[in-house]
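Welcome! Here is a short tour of the charged pairs in this protein. Take a look at the model first, then read on.

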Amino acid sequence: MAYGTMVAIAAATLTVAGAAPAMAQAAPPTFAHIFADHAVLQRDRPIAVWGRAAPRTAVTVTLAGRSVTARTSGQGRWRVTFPAMPAGTGHTLTVRAGTAATSFADIAVGDVYLCGGQSNMEFPARLSTNAWGGVASAIDPDLRFVTIPKETQPAPLDDLAKPAMWRAIGPDTVGEASAVCYYMARSLKQHLKVPVGFVTAAWGGTTIQGWIGAPSLRTVPAYAAGVAAVQQLATDPAAARATEERRQEAWWDAHDPAAATQRAWARPDFDDSRWPVMTPTGSWKDAGIPAFAAFDGVGWFRTTVDLTEAQARDANLLQLGPVDTFDTTWVNGVRVGGGSTAWVWRDYTVPAGVFRAGRNVIAVRVLSGGAGGGLTGQPANRGIKTASGAFIPLTAAWRYQVGMAARGLSIPAAPWDVPVSLTTLYNGMIAPLAGYGFKLAAWYQGESNVGAADEYATLLPLMMADWRRTLGQPTLPMLVVQLANYGAVATQPANSASAALRDVQAKVARADGHAGLAVSIDVGDRTDIHPTQKTVVGERLARAARAVAYGEPIAPGGPEAVAATRQGEDLIVDFRDATGGLRTYSSATAIGFEACDDQACRFVDGTPDGTRVILRGANRPGVTRVRYAWADSPYVNLYSADDLPAVPFELRIR
């Protein structure tokens, strides 16, 4: 049987003249989309399998020669559970209803890892350091992966929006796998000698709020109203969008004296014939137009497109590319969307009936965020998409008009707008995985929440608890990658939003009895938020997994400060997990330490001494805190004897 095919087995029916026509054959039963050829199922725990078939129908599900029978619900859903199985490969998974069946081949049982986060988790292996040689030689049929398609939804899905595609690691597949997750899984598989699968659910630039389910996120008072709005979008989208439009326009009325008058500029019957014309190909400041040369504020853009009756009936999406920074977009006077992130492409779903045969008017109001401003993409990427897959390009030239001058203004995004949406990524990419067994979950996210460390201290443990509850695994090990070094280097001690968020990540992992931390403070890139050294990060995750998920008697990570005390003129910092003792690279002195009073901090030298660091002469009057690696992009040289970096920290002195 060919992989991924649905096989319907039925008795042949002969039709003769005057005989009744043959009855239509029922559709074969199906599995949930996470199941596919080459899938890996979690070993040593009951295995849940589910899918759909005709309502109130008996189904028989067979895995590795063992069968379980169930009856579908009135909605056609079925779910069965197999007893725990040991690691193995070459199994077949089949569901049968009557004479119709669906089968998947080459099913493995082993360990399954869930990897979530933003772009550094999404970052593909083909772009990682040393991939040029390593990817070409990567062949392992028992190491498999699946990447969950990006999906944002206002309500939880009970199945993935698209079928998963499990793939075995090979030269033609590994390049598209999550680099961090792949290197972690590869290291663990080499150690465990069992089949391993990893599931990646990641979306670049997204905030953690999008990855938390509504019942959990609405317990945070700041998000209760936004979560309610997202839920209304699921049940009454027209009302939700109308409410959001009123909220946005109220903001404009409060900030732009010309807002009421300029709303006419969005109408299809507005005469823009006297407006000048430009072809936006980037920042409006770089367009060579004097009015935009040093302008921050509001710019309006209008264009038209002619559609046939068939095109208008089929058109369902407007693609504008990126807009810097805040936009409101109308089609024929109907608001179809708005965005608030400069690098995010604007792809707006257009309700049926908005496009019409003949002339259609598209109007875009843009508020720059103090950077370039304008429709910053390329003309070839702007157009209308249809349900049948056609792309109807927009004309390159747009009419424009300059509006209010303003700096420092920002428009709060709609609560369902990716990348700052609430709950929608959980709904589309995590909720459908409920019931699929995992050995552990790894989380690499936080860049988009830098600047809100205090809030992250609430949201990160909330997300961890939410995923465990959704997956039905209350003690699921959760591994957190601490943010890498990125941004300005520090010549003097200073506050750092990145350091504050790293500190929260470490404290949350430390406070959770089933969590581990992978430090990446030494393998980042101060000029690139997407460092390519993913092998080290993945292997550090594997080290944490061996301790936290597999119970090996090893330290899960590098040295972690547990106390700062006074000793005469010195300060003493004690560390745990300093396997083999502390050591420094390229110097006898540990750099990156600071002694702080209530007003300021100063750099102090550290001297490693077994599992502690002595800050000689640092116990001055008024000193109350010690910090380490407290900068956006610090340089560090303090490690354990097994080459793991010390965890950045801030501690009150006892």
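## Salt bridges across the model

Glutamate 244 and arginine 247 sit three residues apart in helix H6 (residues 237–255), about one turn of the helix. Helices (H or I, at least four residues) and strands (E, at least two) are DSSP runs, numbered from the N terminus. This is a predicted model, where local features need pLDDT of at least 70, side-chain atom pairs count only at pLDDT 80 or more, and totals for chains, interfaces and linings use all residues. Residues are numbered from 1 along each chain as its sequence is written, and side-chain values use heavy atoms, leaving out hydrogens and water.

The structure holds 32 salt bridges; each is a side-chain nitrogen of Lys or Arg within 4 Å of a carboxyl oxygen of Asp or Glu. Three of them are listed here:

| Pair | N to O distance |
|---|---|
| Glutamate 244 and arginine 247 | 2.5 Å |
| Arginine 576 and glutamate 560 | 3.1 Å |
| Arginine 52 and aspartate 158 | 3.3 Å |

Arginine 52 belongs to strand E4 (residues 47–52) and aspartate 158 to the loop between strands E10 (140–147) and E11 (167–169), so this pair ties together parts 106 residues apart in sequence.

Finally, a network of salt bridges links Glu249, Asp253, Arg263 and Arg365.
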